[in-house]
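Reader: I would like to learn how to read a structure like this one, feature by feature. Could you walk me through it?

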Amino acid sequence: MSDIFISYAREDLPRARAIAHALEAQGWSVWWDRNIRTGEIFRRVIREQIGKARSVVVLWSEHSVDSDWVHEEASLGKRRNILVPVLTDAVDLPLGFGSIQTADLTGWAGDAMAPAFRSLCSDIAALIGTPPTAPTPATAPTPAKEQPTTPALKQSGARTNPKDGLSHVWIPPGEFRMGATPGDTEALDHEKPRHRVRITKGFWLGETPVTVAAYKRFAREKGRAMPPAPDFNPEWSKEDHPVVRVTWDEAQAYCEWAGGRLPTEAEWEYAACSGKDGLKYPWGNQITPDNANYSGSKWKGTSPVRSYPANAWGLYDMAGNVWEWIADRYGKDYYATLPSDKPADDPPGPKSGTVRVLRGGSFDNVSRFLRAAYRYWIAPDVRNDLIGFRCVREVVP
């Protein structure tokens, strides 16, 4: 069951995507027709999802007011008394819907803090309640020692980095247990011992892996060549897919150009599970092809970022799609060197070593590699079809 079903006309896909992602970043689960798998019967799935949704957000535009599909979906939501209509263009509402209070996003440019969007969130919350996992500092475990923060770091939701055009999500400070979850029969020795870690400062983490489009921007500005394109993305034509075949040094150089750095292993695992203990995967303890792009998926390569649901903090592709470069050097026994009687504060990884950590698994891996605690390592100069990255920033405008 999803919190929100979004109804929209096909021509309005970019706006629908922006609204869906912004609502997910607030902590609600959102369903829209991008989630329909090949071979499923469209009308049957739509009716089933609307029947299970807690609210139906219909986007009224110059295209959707003439769409039979959108009219039918809106009518189903109205019949269940869960309809939340939204204007995205200045149009007259269809017959039968003019008497329903309608949110106005006609001038909305994607800012999650804009009054019009906050008003829409209030309307949805009045119908179904506030998000259970809103990505704000208040929802994270309270750190043992309060750290000073600047006003910019107290903001929540997603923010766009103007340097590369990618969204970043606020990750609040907190404490969690890092390493293999109890009872995980697939856990390896280097994922143990499970230990307490304290992230003392909040940070902004890329909402998605770095995309081809963003990396092209970096390459143009810095006068760098793009890495060789893989067969599944010829000539880097699929710009909404993660960039791959980037070395560790190139990934770090990109992050520095964008105003950040690669995440530490502790930061990555903390964010992957939204600060929660005991999760085998970023979303829970079971995995299906609906959760992530991994071995046997329909893509046969990378998938567009945001092709699968975000975790509770609004992060996409924290499992599957591409492995992600991590700042840390790899140490097989590193976990055993950390304190057992108190939390380790912001562990940076081993001080020496020749290989770097990878996290998250990829489209070519079986499910055990997608576990949040799984650790892999590789030489930093390797170019590989399976490896991408995302960046951390301490401050996002």
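This is a predicted model: local features need pLDDT of at least 70, side-chain atom pairs count only at pLDDT 80 or more; totals for chains, interfaces and linings use all residues.

Reader: Which strands pair with β1?

Author: One is β2, residues 30-31, which runs parallel to β1 and is joined to it by two bridges. There, I4 stands opposite V30. Strand β3, residues 56-60, also pairs with β1 in the parallel sense, over three bridges. On that side, S7 stands opposite V58.

Reader: What do β1, helix α1 and β2 make together?

Author: With helix α1 covering residues 13-25, they make a right-handed β-α-β unit.

Reader: Now to aromatic rings. How should I describe a pair?

Author: Use the distance between the ring centres and the angle between the planes. In the whole structure, a search finds 21 aromatic pairs. One of them is W108 with F117, a stacked pair at 5.1 Å centre to centre and 15° between the planes. Both W108 and F117 are buried.

Reader: And how does the pair of Y376 and W377 look, stacked or tilted?

Author: Their ring centres are 5.6 Å apart and the planes meet at 40°, so this pair is tilted. Y376 counts as partly exposed because its relative accessibility is 32%. W377, with a relative accessible area of 36%, is partly exposed too.

Reader: Which rings have the charged end of an arginine over them?

Author: Here are two cases. The charged end of R356 sits over the ring of W248, 3.9 Å from its centre. Likewise, R375 has its charged end over the ring of Y335, 4.4 Å from the ring centre.

Reader: Last topic: how many cavities of 30 Å³ or more are there?

Author: The count comes to four. The largest cavity holds about 100 Å³ of space.

Reader: Which residues lie nearest the centre of the largest cavity?

Author: Those are G179, T181, E269, C273 and L279, out of 16 residues that line this cavity.

Terms used:
Residues are numbered from 1 along each chain as its sequence is written. Side-chain values use heavy atoms; hydrogens and water are left out. Two strands pair if DSSP finds at least two bridges between them. Helices (H or I, at least four residues) and strands (E, at least two) are DSSP runs, numbered from the N terminus. A crossover is right-handed if, with the strands pointing away from the viewer, the path from the first strand over the helix to the second runs clockwise. Rings of Phe, Tyr and Trp (its six-membered ring) pair if their centres lie within 6.5 Å; planes under 30 degrees apart count as stacked, over 60 as edge-to-face and the rest as tilted. Buried means under 20% relative accessible area, exposed over 50%, partly exposed in between (1.4 Å probe, protein chains only). A charge sits over a ring if NZ of Lys or CZ of Arg is within 6 Å of the ring centre and within 35 degrees of the ring normal. On a 1 Å grid over the protein atoms alone, a cavity is a set of points where a 1.4 Å probe fits but cannot get out, and a pocket is an open set with protein on both sides within 12 Å along at least five of seven lines; lining residues have an atom within 4 Å of a point. Grid points are joined across faces, edges and corners, and a volume is the space filled by probe spheres set on the points.
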